Amino acid sequence: MLKLESISCSYGKLKVINNVSMSIKNESVGVFGPNGAGKTTLINALMGMLPVQSGRIIYEDEDITKNKTHEIARKGIALVPQERELFPWMSVLDNLELGAVFIPNAKDKLSERLDFVFQMFPILKERSSQMAA
């Protein structure tokens, strides 16, 4: 489970996120809003790319608020950029599997995780052998 508890973040004197809380269990969550609403700031804070001024980020009962980005990624939290940043010469399945390479113990649950992704996005399963390009 991932919990954000009353987090606030700023860029200099400009406070962008003020007292935001949410709890995410075993689900996919989308963050929507107009430009300048703080979506990217929220993700940057979650990934450790922007310091949290107040509040806490809890993942699997561990406070990760002050963790570095690479430490957060090793725990299994990942950022999928908006652009199509895939390896086009690799298959769809290879691109999905590549996400597990640097996460400890992710290979142990790879099949289970792929099943979860394929349930959510059945078209990926249909196209798993297709080149990502």
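**Entry 1: a charged pair**

I started at Asp-63, which is partly exposed with a relative accessible area of 37%. I note that the model is predicted. I then looked for a partner to Asp-63 and found Arg-56: their side chains meet in a salt bridge, 3.9 Å from N to O. Arg-56 is also partly exposed, at 39%.

Which residues are linked with Arg-56 and Asp-63 in a network of salt bridges? I found Lys-3 and Glu-5 there. The side chains of Lys-3 and Glu-5 form a salt bridge at 3.6 Å, N to O. Lys-3 has a relative accessible area of 30%, which counts as partly exposed. Glu-5 is partly exposed at 25%. I get a count of 4 salt bridges in the model.

**Entry 2: a link across the chain**

I turned to Glu-62 and found its side chain in a salt bridge with Lys-75, at 3.1 Å from N to O. This pair joins distant parts of the chain, 13 residues apart. Glu-62 lies in strand β4, while Lys-75 lies in the loop between α2 (69-74) and α3. Glu-62 is partly exposed at 35%. Lys-75 is partly exposed at 29%.

**Entry 3: the sheet**

Next I traced the strands. I found 4 of them in an open sheet, in the order β2-β1-β3-β4, with antiparallel pairing. Why is one side of β2 and of β4 left without a neighbour in the sheet? Both stand at the edges and have a single partner strand each, so one side of each has no neighbour there. Helix α1 (residues 39-46) packs on this sheet and touches β1, β2 and β3. I read about 115° between the direction of α1 and that of β1.

**Entry 4: pairings around Tyr-59**

I followed β1 (residues 2-11) along β3 (residues 54-59) and found 5 bridges, in the antiparallel sense. Leu-2 stands opposite Tyr-59 in β3. Tyr-59 also has Glu-62 in β4 as a bridge partner. β3 pairs with β4 (residues 62-63) over 2 bridges, again antiparallel. These two strands form a hairpin with 2 residues between them. In the turn, Glu-60 has a positive phi of about 50°.

**Entry 5: a nonpolar patch**

Last, I looked for nonpolar surface. Which residues make a patch of about 410 Å²? I found Phe-87, Trp-89, Leu-98 and Met-131. I placed Leu-98 in helix α3 (residues 92-98). Its relative accessible area is 32%, so Leu-98 is partly exposed.

Notes
Residues are numbered from 1 along each chain as its sequence is written. This is a predicted model: local features need pLDDT of at least 70, side-chain atom pairs count only at pLDDT 80 or more; totals for chains, interfaces and linings use all residues. Side-chain values use heavy atoms; hydrogens and water are left out. Patches are made of residues with over 30% relative accessible area and no salt bridge: like charges are joined within 9 Å, nonpolar side chains (Val, Leu, Ile, Met, Phe, Trp, Tyr) within 5 Å. Accessible areas come from the Shrake-Rupley method with a 1.4 Å probe; for residues, only the protein chains shown count as cover. Buried means under 20% relative accessible area, exposed over 50%, partly exposed in between (1.4 Å probe, protein chains only). Two strands pair if DSSP finds at least two bridges between them. Contact means heavy atoms within 4.5 Å. Axes are lines fitted to C-alpha atoms, for helices over the stretch in contact, and angles run from 0 to 180 degrees between N-to-C directions.
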